[in-house]
Amino acid sequence: MRVLLSTYGSRGDVEPMAALAVRLQGLGAEVRVCAPPDEEFTALLARAGVRECVPFPRAWRSWQRPSTPAEQIERVTQFIEAQYDTLTVAAKDCDVLVATGMSHFAARSVAEQAAIPYRYVMFSPSALDAPLRDAMIDGPVNAHRESIGLPPIGDVLEFIFTSRPWVAADPVLSPWPDPPGITIVRTGAWILPDGRPLPDELEAFLAAGPPPVYAGFGSMAMGESKDLARVAVEAVRAQGRRAVVFRGRAGLALVDDRGDCLAVGEVSQQALFGRVAAVVHHGGAGTTTAAARAGAPQVIVPQAADQPYWAGRATGLGIGAAHDGPVPTAGSLSAALGTVLTAQARARAIAVASTIRTDGAAVAARRLLHEIEVRA
């Protein structure tokens, strides 16, 4: 059986699909992954052992500010153009297409043309509650479908998510009732094992003092925040802690030559988060789950999309705090850190960590292959 996985988005979209690909390959399936051509993603897929990768011609780009309605329509058109031709070729000899992220604008039409089953997965059920502007979606989608000989869509929600969307999120971190008219298929979070050792410099820093606070914002550029590195470092220092800052898209860096702060590139969160006092981040599904698995209290500074949802969940579970607003100051971030750098928060985070499932990708792989075999 040949499975086509398609993702167009940030690392939070690519890494779980890599986890699923590895599990499918372990069950004997042939897997082809279409993903943005960013060097980071290419390296991740290769490191995971994904055997067949097909890059889209256009790299993924996040944006700095909320977009206007006209810009949103333009972006949907661009998402389709960036993926459709590549996906059409990739799907020709496949038995099923599984998509996530912004692939939903093109992938379902490709599956219809190829006459193969289609599944859409999301990593936060909160996406089902996000308002969908029909004009933003059905205008460019229907224009494209007309150009390739497919009928127009009627129900935008059903087209985007299908009537049985898959949700790959931990059931403790993300309990969610089925919305009216939709049946959610829950598998647990898709976690890609990452056994890479930490860099020597980071190991030495960790060994040289008490557990530091990690601050990193993943693929978020944090364009509204000015001098964010200094804000993060000063907030951590105000709590009497050392800091590890992740450069990432936000461009965090050392602010002086004091020895209580280290800037790092991309490293294994699984190896690092169990050795820090707290994790400050943007609230992506993957980072939230990684911190929760590690038993690390977390401060979430949500920016967009599902990030406010994860901030609310961490707060509700007692394993974290949500920063008030997307633009932190040293004072506001330090205050949020103060609420999680306590023995009580640490104990609660450790207790929740013991409940986090790690078998979601394996569950999903078995289910997917079973469904397609039964259909055949």
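**Close-up 1. The contacts of His 282 in the predicted model.** Leaving out residues up to four places away in sequence, His 282 touches Gly 216, Phe 217, Gly 218, Met 220, Thr 287, Ile 300, Val 301, Pro 302, Gln 303 and Gln 307; contact here means heavy atoms within 4.5 Å. His 282 sits in the loop between β11 (278-281) and α10 (285-294). Helices (H or I, at least four residues) and strands (E, at least two) are DSSP runs, numbered from the N terminus. With 7% relative accessibility, His 282 counts as buried, where buried is under 20% relative accessible area, exposed is over 50%, and partly exposed is in between (1.4 Å probe, protein chains only).

This is a predicted model, so local features need pLDDT of at least 70 and side-chain atom pairs count only at pLDDT 80 or more, while totals for chains, interfaces and linings use all residues. Residues are numbered from 1 along each chain as its sequence is written, and side-chain values use heavy atoms, with hydrogens and water left out.

**Close-up 2. Pro 175 in its loop.** Look between β6 (166-167) and β7 (185-186) for the loop that holds Pro 175. Pro 175 is partly exposed, at 45% relative accessible area. Skipping residues up to four places away in sequence, Pro 175 touches Tyr 309 and Arg 313. Pro 125 lies 50 residues from Pro 175 along the chain, yet their C-alpha atoms are separated by 8.7 Å.

**Close-up 3. Helix α1 and what covers it.** Helix α1 (residues 11-26) has 16 residues and reaches 22 Å from first C-alpha to last, close to the expected 22 Å (1.5 Å times one less than the number of residues). Its buried residues include Arg 11, Asp 13, Val 14, Pro 16 and Met 17. Among the elements covering the buried residues of α1 are β1 (2-8), β2 (30-35), α2 (39-48) and α14 (360-375). Just after α1, Gly 28 takes a positive phi of about 95 degrees.

**Close-up 4. The crossing of α1 and α14.** The axes of α1 and α14 come within 8 Å and cross at roughly 60 degrees; axes are lines fitted to C-alpha atoms, for helices over the stretch in contact, with angles from 0 to 180 degrees between N-to-C directions. The two helices α1 and α14 are therefore oblique to each other (under 35 degrees is roughly parallel, over 145 roughly antiparallel, 65 to 115 roughly perpendicular, the rest oblique). Ala 19, Leu 20, Arg 23 and Leu 24 in α1 meet a set in α14 that includes Ala 361, Ala 365 and Leu 368.
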